[in-house]
Amino acid sequence: MTYLETTAQFYAEAAETPQVGLCCVSTPPPRLPGLKIPTIMQEMNYGCGSTVHPTELFGSPTVLYIGVGGGIEALQFAYFCRQPGGVIAVDPVPEMRQAATRNLQLATQDNDWFDPAFVKVLAGDAFALPVPDASVDVVAQNCLFNIFEPDDLKRALLEAYRVLKPGGRLIMSDPIATRPIPLHLQQDERLRALCLSGALTYDAYIQHLIEIGFGQIEIRARRPYRLLDAHSYNLDTPLLLESLDSVSFKAPIPEDGACVFTGKTAIYSGVEPQLDDRAGHLLQRGNPLAVCDKTAAKLALQFPQDVIVTDSTWHYNGGGCC
Ligand SMILES: C[S@@+](CC[C@H](N)C(=O)[O-])C[C@H]1O[C@@H](n2cnc3c(N)ncnc32)[C@H](O)[C@@H]1O
């Protein structure tokens with residue numbers, strides 16, 4: 001069996017015998033007016049973090065969701081899309097598709113706004129998405145791509161890029177590792193399927209996105225996810241995994257490199273009312289301007305006396321330069 005087949009088998013079992021907390025950061029699902037998530041869907045929350053960011057979902061976008069699980073995020077996306085076929089949810093595991101379909105049907109009982117036709121559950125996988133080129137506004141995946149080995153991750157990211165419209169968004173939530181995961185854990189297929197040993201470091205994760213061609217990447221959240229303790233995982237020292245929520249835009253990469261927003265700001269502290277860096281950034285004295293990491297580094301280098309750059313908050317929500 002390949003590790004992808006092991007993963008599919010693992011999730012077939014997880015569909016038939018739900019395992020609470022199998023793979024997630026213990027945060028309650030978002031509370032939204034009129035949205036009631038069935039208990040079984042909550043029990044089958046196999047994601048970490050969230051890919052459902054209301055600010056991303058204006059104008060009834062078409063969402064392609066990869067790896068439907070119990071359907072919790074498909075339902076949350078449908079809350080915003082509210083149109084037949086507005087959410088296309090893909091999963092290669094028949095047991096998971098059946099569970100999601102059943103759970104979505106159940107959701108109609110307590111959500112009078114919801115029509116199961118809002119979510120189309122389809123067979124397919126991350127490497128061959130059943131939609132045409134440039135046809136969807138949003139692609140989302142939660143806790144799936146981290147399972148993939150690097151070459152497969154590239155294939156999955158390229159496929160997501162293919163189906164996105166220009167300007168479209170790839171919204172992801174995945175574990176990342178605070179240092180490279182040792183080989184003996186990476187090769188453990190069950191731990192990989194459990195989202196515990198395939199995670200890349202932050203830098204490697206972002207680099208994969210840039211290599212595919214995403215010109216703008218925004219970090220929405222970064223928080224502790226799991227600790228791999230030294231004893232259970234045969235490590236010299238414990239290894240902290242974090243979960244990373246990100247949004248990557250299918251926008252051209254600027255000549256001087258991709259813009260990655262991690263919540264840094266630049267603040268002009270000189271004597272003039274404002275500072276113009278002649279590269280598109282106007283800093284009003286004393287007012288923080290959200291900047292991407294590339295611009296933050298340039299400003300700090302160019303104006304070491306007059307510009308203060310604040311640390312990444314890992315919670316960037318729009319605004320600022322670019
Ligand atoms: C960790 S679970 C996450 C489920 C869901 N995203 C959530 O947040 O609850 C991974 C999901 O991806 C599905 N999956 C496994 N291999 C896949 C593949 N190659 N392509 C797409 N989905 C896959 C599994 O069946 C499962 O539903």
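Biologist: Which residues are buried in α4?

Modeller: Bearing in mind that this is a predicted model, the buried residues in α4 are Met96, Arg97, Ala99, Ala100, Asn103, Leu104 and Ala107.

Biologist: How are the buried residues of α4 arranged when seen down its axis?

Modeller: The general idea is that an α-helix has 3.6 residues a turn, so residues three or four places apart point the same way. Here, the buried residues of α4 fall within an arc of 160 degrees about its axis, so they line one face of the helix. Those buried residues pack against α1, α2 (39–43), α3, β2 (87–91) and β3 (119–123).

Biologist: What span should the 14 residues of helix α4 have?

Modeller: At 1.5 Å a residue, helix α4 (residues 94–107) should span 20 Å, and this agrees with its end C-alpha atoms, which are 20 Å apart.

Biologist: Is valine 163 buried or exposed?

Modeller: Valine 163, which has its place in helix α5 (residues 150–163), is buried, because 21 other C-beta atoms lie within 10 Å and the cut-off for burial is 20 or more. Leaving aside neighbours within four places in sequence, valine 163 is in contact with Leu64, Leu129, Val131, Asp133, Ser135, Val136 and Val139. Valine 131 is 32 residues apart from valine 163 along the chain, yet their C-alpha atoms are separated by 6.7 Å.

Biologist: Which residues come nearest to the ligand?

Modeller: Of the 25 residues around the ligand, Tyr11, Gly47, Gly67, Gly69 and Asp125 come nearest. The elements giving two or more residues to this shell are α1 (3–16) and α3 (72–81), with α1 contributing the largest share, four residues. By class, the shell has 15 nonpolar, seven polar and three charged residues.

How values were computed: Residues numbered from 1 in each chain as written. Predicted model: local features only at pLDDT ≥ 70, side-chain atom pairs only at ≥ 80, totals over all residues. Near = placed C-beta within 6 Å. Nonpolar A, V, L, I, M, F, W, Y, C, P; charged D, E, K, R; others polar. Buried ≥ 20, exposed ≤ 12 C-beta atoms within 10 Å, placed from the backbone. Contact = placed C-beta atoms within 7 Å. Expected span 1.5 Å × (residues − 1). Arc of directions from axis to C-beta.
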